[in-house]
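Dear colleague,

I am pleased to hand over the structure that follows. Please look through it first; an account of what was found in it comes after.

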Amino acid sequence: MKNKKIAMLAAIMIIVIGGVLYYVYDRLTGNHVEIESVIAEAPAEDNSGVISGNAGNADNTATSADNGAEDSGDAADVDGTWTIGSDSKVYFSVTTSRDTVNYEINKVTGSWELNSSDPAQTKAEGTVDVMSMDSGNAQRDKHISEAEYLDTTQFPNAEFKATSFEGLPTAWKSGEVYDVSITGELTVKGITKEVAFTGKTTYDQDSLKLEASTVVTFGDFGMKNPHTVVMETENNLTVELRLLLNK
């Protein structure tokens, strides 16, 4: 009987210790940050062609037609300098053999100067405070901040300066989503590389919104691959922009 109690106690201890170790492993290697969207998905249409969520009656249709001019944002409304708002975020993602881990950076500044009639005059630049990154695990964040990786002590900021744009409309319509490609120079850890962000943008409720991404590698910016003995890490890093801009 005594041996059975000892065996049962040992089994319980193994289960408890295993659970603790898994919790620690999950906290260290799992993803704890979800990438948020700033552009709402278009409402689905049913078989009748009516957009779900709208009343679809004659009065509403007529009102929409009468207010068509108000719904459309022309170049005079959209052109000018837009400033990146405080709700904007930049993410970068690292895929390991365990999970795809997202890092959130919520300190983003910069501007987007739009010129619909002359796209060559359109400009954009942004700066992120890399030291504000958060993966939901302080120990992991400290590790990726070290000199062989982002070296945030010496290089606390990353910067992007656009050089060309594709897909921007000459006349913006409020609520319309446009596919866009933005090529420019990304500077991380003091190293500058040309990249192209592809995604979508929209002008909605007096706000300019942008969701776009690009893929780079650790080696592009002089960083080591942070793989470990127990976990492999892909060389690619995905950088995601989630920007809200206001005049």
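Asp-204 is partly exposed, with a relative accessible area of 23%; here buried means under 20% relative accessible area, exposed over 50%, and partly exposed in between (1.4 Å probe, protein chains only). Please note that this is a predicted model, in which local features need pLDDT of at least 70 and side-chain atom pairs count only at pLDDT 80 or more, while totals for chains, interfaces and linings use all residues. Residues are numbered from 1 along each chain as its sequence is written, and side-chain values use heavy atoms, with hydrogens and water left out.

Asp-204 forms a salt bridge with Lys-209, with 3.6 Å between the closest N and O atoms; the term denotes a side-chain nitrogen of Lys or Arg within 4 Å of a carboxyl oxygen of Asp or Glu. Lys-209 is located in strand 9 (residues 207–217) and is buried, its relative accessible area being 15%. Strands (E, at least two residues) are DSSP runs, numbered from the N terminus. Beyond its neighbours within four places in sequence, Lys-209 has contacts (heavy atoms within 4.5 Å) that include Val-38, Thr-202, Asp-204 and Leu-244.

Asp-204 also has a bridge partner in strand 9, namely Ser-207. Strand 8 and strand 9 pair in the antiparallel sense over seven bridges, where pairing requires that DSSP finds at least two bridges between two strands. The two form a hairpin with two residues between them, and Gln-205 in the turn has a positive phi of about 50°. Strand 8 (residues 191–204) is likewise antiparallel to strand 7, to which twelve bridges join it.

The structure holds five salt bridges. One of them joins the side chains of Lys-89 and Glu-104 (3.7 Å, N to O). Lys-89 lies in strand 2 and Glu-104 in strand 3 (residues 100–105), so the pair ties together parts that are 15 residues apart in sequence. Another salt bridge is formed by Glu-240 and Arg-242, whose closest N and O atoms are 3.2 Å apart. Glu-240 is buried at 15% relative accessible area, and Arg-242 is buried at 12%.

Methods: Helix = DSSP H or I, 4+ residues; strand = E, 2+ residues; numbered from the N terminus.
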